[in-house]
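Dear colleague,

Please find the structure below, handed over for your study. My notes on what was found in it follow directly after.

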Amino acid sequence: MFTQVILAPTNPEVWLPRLRHVTPCFMQDIYVEIDRLPRPGETVSARTGQTLSGGKGANQAVCAGKLEYPSVYFVGRVGEDANGRLIAEALVGGGVMVEYLKGVGGGGVPTGHAVVMLQSGGQNSIIIVGGANMEGWAQVLDEGELEVVRNAGIVLLQREIPDYVNIQVAKAARSAGVPVILDAGGMDGLIPVDLLTNVDIFSPNETELERLTGMPTESFEQISQSVAKIHEMGVKEVLVKLGSKGSALFVEGEEPVRQPIIAAKKVIDTTGAGDTFTAAFAVALVEGKSKQECLEFAAAAASLCVQVKGAIPSMPERKAVLDLLGSRLI
């Protein structure tokens, strides 16, 4: 589903009338807790199972809302089913406005959903079913939705919706001078050049960076070489999420800015941590923080996220993020 998040700037005189921050996709997550992944042909028992709300775009939208940007909008597609209603409730509960959230399919197209296999230690494996995220879009987006994009403060895109939707959104944002962050998470396929050349910041994790470039990413030097290939594709800034090794922002022609993780007291579930990181980075960026401050703010938000089970339920409040950062200065 295409998510549109709209953030009201803290200083309108600086950011002019642009009140929006955009991101795509909602999923209803079916969680199963297991000791290990099953082998081919094997059946294993789950310790527990439950259904929670998630999806990369929705996670980022709710995270932005909880980080106290008061005008966060979500533009997207859900099925006209119970999961779609639960998703709308989760967004509203997270402080997100849903005027641009549309139900599609007359009940024939399900809301996107995912099976999250949560293993001991908090690591997860995920299988997604696109549903309305992939099937609910016209070939040409509604002009009203594109106008929302053109008036945004920042646009967040992910790859859990069709590339042609992301391309239209990215081009609309670029035409209005609105910065775009593309999260690499979602589809496994190659990213169209027409999309990459219309984003300002591309944000993969190590695995996604390796898959997209065909280059190893085991060391920081290898990661830097892989990022150079992304630069050659037309993206000037690459924000790499490095898991337990932290993160790094690569700006073409400059030294990378690195940020270690802020260790969590206990890792419960890593689901949504990358989305939390990206959304928090975007919030800090719109607020005018330095690159290092943006990375640190995002690292603190992600640290809090992994201490709670679920995606949307784990999105941290702004006060908790600031308290964590403040405690590190004492």
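**Salt bridges and burial**

At 19% relative accessibility, Glu 287 counts as buried, where buried means under 20% relative accessible area, exposed over 50%, and partly exposed in between (1.4 Å probe, protein chains only). Please note that this is a predicted model, in which local features need pLDDT of at least 70 and side-chain atom pairs count only at pLDDT 80 or more, while totals for chains, interfaces and linings use all residues. Residues are numbered from 1 along each chain as its sequence is written, and side-chain values use heavy atoms, with hydrogens and water left out.

The side chain of Glu 287 meets that of Lys 289 in a salt bridge of 2.6 Å, N to O; the term stands for a side-chain nitrogen of Lys or Arg within 4 Å of a carboxyl oxygen of Asp or Glu. Lys 289 is partly exposed, at 27% relative accessible area.

How many salt bridges does a search of the whole structure find? The search finds 20. Among them is the pair of Arg 150 and Glu 143, at 2.6 Å, N to O. Arg 150 is partly exposed with a relative accessible area of 24%, and Glu 143 is partly exposed with 46%.

Asp 200 and Arg 174 also form a salt bridge through their side chains, at 3.9 Å, N to O. This pair links distant parts of the chain, 26 residues apart: Asp 200 is in the loop between helix H7 (193-196) and strand E10 (201-203), and Arg 174 is in helix H6 (residues 163-175). Helices (H or I, at least four residues) and strands (E, at least two) are DSSP runs, numbered from the N terminus. Asp 200 is partly exposed at 29%, as is Arg 174 at 35%. Elsewhere, a network of salt bridges links Glu 33, Asp 35, Arg 47 and Lys 309.

Helix H10 (residues 273-286) has 14 residues, which at 1.5 Å a residue should span 20 Å; its end C-alpha atoms are 20 Å apart, in agreement. The expected span is 1.5 Å times one less than the number of residues in the helix. Why is H10 described as largely enclosed by the rest of the structure? The reason is that 12 of its 14 residues are buried, including Phe 277, Phe 281 and Val 286. H10 is followed by Gly 288, whose phi is positive, near 85°.

Thr 271 lies in the loop between strand E13 (257-259) and H10, and is buried at 6% relative accessible area. Its side chain makes a polar contact of 3.4 Å with the side chain of Tyr 31, and one of 2.7 Å joins the side chains of Thr 271 and Asp 269. A polar contact is a pair of N or O atoms within 3.5 Å; within protein, one must be able to donate a hydrogen and the other to accept it, and residues adjacent in sequence count only if both atoms are side-chain atoms.

**Helix H8**

In helix H8 (residues 206-213), Glu 206, Glu 208, Leu 209, Leu 212 and Thr 213 are buried. They cover an arc of only 165° around the axis, so they lie on the same side of H8; the arc is that of the directions from the helix axis to the C-beta atoms. At the start of H8, a side-chain oxygen of Asn 205 reaches to within 3.1 Å of the backbone nitrogen of Thr 207.

Yours sincerely
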